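Colleague: I would like to go through this model with you. Take me from the values to the conclusions, one step at a time.

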Amino acid sequence: MAEFDFCIAGGGVVGLAIARALSRSGSVLLAEKNDLFGSETSSRNSEVIHAGLYYPAGSLKERLCLQGKALLYDFCNRHNVPYRRTGKLIIAPTANHPKIQALQTTAARLNIPLQYLDQHALTALEPDVQGQCALLSPTTGIIDSHHYMQTLAQLAQANNALLMRQTHVSAARVKNNHWQIDLQTSDGPYQTSASVFINATGLHAQQLASQCDMNSADIPPLYPCRGHYFSYSGKAPFSHLIYPLPEDNLTGLGIHATLDLSGQVRFGPDTQYLHRNQIDDYQVPTERESAFYAAIRNYFPGIDRQRLHADYAGIRPKLHSASQPAADFDIRLTHVTPAAIHLFGIESPGLTSSLAIAQEVTELLQMA
Ligand SMILES: Cc1cc2nc3c(=O)[nH]c(=O)nc-3n(C[C@H](O)[C@H](O)[C@H](O)COP(=O)(O)OP(=O)(O)OC[C@H]3O[C@@H](n4cnc5c(N)ncnc54)[C@H](O)[C@@H]3O)c2cc1C
């Protein structure tokens, strides 16, 4: 039975960032159940590097998004990961909307650049966008998330981390001061052990935690929330990311327009809570098109409906229902000797925060 310093379950962007960070200080095994790394939530998102404007004061989301944004831009520069600081416009239907003022207050508190644009300035910048005023966030950008994850994997492997695909972690139990970990590989069942166990399995984190000596009452309930995307064929009508004002309890950020690095526009994601047994259901119901059309027309009245096409969906591993206040990331040291960390509720801005989350995990282990 092989023994590792660290065993990480889950090879999404967060597991890969943690593997890269921990591989500098010890031997790492990362186990991913799918054929490819990052093929669940990490490749079903908007690929936006968020500025950090939306999250409750003092929350982990706020701190890790801000730290993560700076770390990610620096990482992209150092490792040639494609990205672009497109900037983002947040459009308000009325001048002096209270949400605009609240965002300005947050930006000032956190030192995030944010520029107020009146209607004329907005039209000059984006002639096809309609609004009474807007906020321009110049530090928002987009990233090639696949290239980023590939780079994280290569850097971890260069430090001798063992990254296994088609390897499902089914349980981890404490035995003789170590974690004894059950793996299902393509060659059959296998057991390994590690001094530290990390659960970074996204939508499956609650399920795996229940097989890891964790009291079920301590596991936060999962409220999966699907977000659908519609692509917009042809030439992009905007050069910035275009967002409406955020939803009240931050269930989503409103149906917005993002660009990918090839210049293609996509709209979304919206929000649809699912039953807990639907976490593999990535369908995009075509009847959602009319709600998309209506929402987009509010800020893009010239939209050509024929160019909207159902595209893909991603599922947020939320820790709150539609009627509850927004929950924070839950990154928890559950055992000290041997140590275990479980990561729950890593929804947006998890991609932006990934390098800061890895740093947070490293620091939690140093303090344990
Ligand atoms: C619609 C949508 C839009 C988003 N937009 C953005 C955005 O623009 N910017 C941003 O910063 N964030 C965004 N996010 C959030 C971001 O995508 C996530 O926070 C991030 O991808 C989470 O990564 P992860 O590694 O925790 O999870 P995942 O990517 O889900 O990775 C978990 C991995 O664990 C594996 N796994 C599960 N169970 C097991 C097991 N038992 N054994 C082994 N492997 C297992 C899975 O196969 C999966 O690969 C968005 C999310 C959604 C849903």
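Modeller: Start with N34. Leaving out residues up to four places away in sequence, N34 touches S39, E40, R165 and Q166. This is a predicted model.

Colleague: Where does N34 lie?

Modeller: N34 is in the loop between β2 (28–31) and β3 (48–49).

Colleague: What makes the pair of N34 and S39 a polar contact?

Modeller: The side chains of N34 and S39 come to 3.3 Å. The cut-off for a pair of N or O atoms is 3.5 Å, with one able to donate a hydrogen and the other to accept it. The pair of N34 and S39 is therefore called a polar contact.

Colleague: Now the ligand. How many residues surround the ligand, and which are the closest?

Modeller: There are 38 residues around the ligand, and E32, S42, V48, I346 and T352 are the closest. A residue is included because one of its heavy atoms lies within 4 Å.

Colleague: Which polar atoms of the protein face ligand nitrogen or oxygen atoms?

Modeller: A ligand nitrogen is 3.3 Å from a polar backbone atom of S46. A ligand nitrogen is also 3.5 Å from an N or O atom in the H50 side chain. A ligand oxygen is 3.2 Å from a polar backbone atom of L351.

Colleague: How much of the ligand does the protein cover?

Modeller: On its own, the ligand has 1,000 Å² of accessible area, and the protein covers 98% of that.

Colleague: Which elements give two or more residues to the shell?

Modeller: Those elements are α1 (13–22), β10 (168–175), β18 (308–318) and α8 (350–367). By class, the shell holds 12 nonpolar, 19 polar and seven charged residues.

Colleague: Which domains supply at least three residues each to the shell?

Modeller: Domain 1 (3–46 + 146–220 + 328–367) and domain 2 (84–141 + 222–318) both do.

Colleague: How far apart are the C-alpha centres of domain 1 and domain 2?

Modeller: The centres are 31 Å apart. In contact across the two are 13 residues of domain 1 and 17 residues of domain 2. A residue pair is in contact because heavy atoms lie within 4.5 Å.

Colleague: What area do domain 1 and domain 2 bury between them?

Modeller: About 1,300 Å², with 52% of it on carbon and sulfur atoms. On the domain 1 side, R44, S46 and L203 lose the most area to domain 2, together 52% of what that side buries. S46 also has the polar backbone atom 3.3 Å from a ligand nitrogen.

Colleague: Last, the backbone. Which peptide bonds are cis?

Modeller: One joins T337 and P338, with omega about -5°. Another joins S348 and P349, with omega about 10°. P338 lies in the loop between β19 (330–335) and β20 (339–344). P349 lies in the loop between β20 and α8.

How values were computed: Residues are numbered from 1 along each chain as its sequence is written. This is a predicted model: local features need pLDDT of at least 70, side-chain atom pairs count only at pLDDT 80 or more; totals for chains, interfaces and linings use all residues. Side-chain values use heavy atoms; hydrogens and water are left out. Accessible areas come from the Shrake-Rupley method with a 1.4 Å probe; for residues, only the protein chains shown count as cover. Helices (H or I, at least four residues) and strands (E, at least two) are DSSP runs, numbered from the N terminus. Ala, Val, Leu, Ile, Met, Phe, Trp, Tyr, Cys and Pro count as nonpolar, Asp, Glu, Lys and Arg as charged, and the others, Gly among them, as polar. Domain bounds come from an automatic or database domain assignment. Buried area is the accessible area (1.4 Å probe) that two parts lose on being put together, summed over both.
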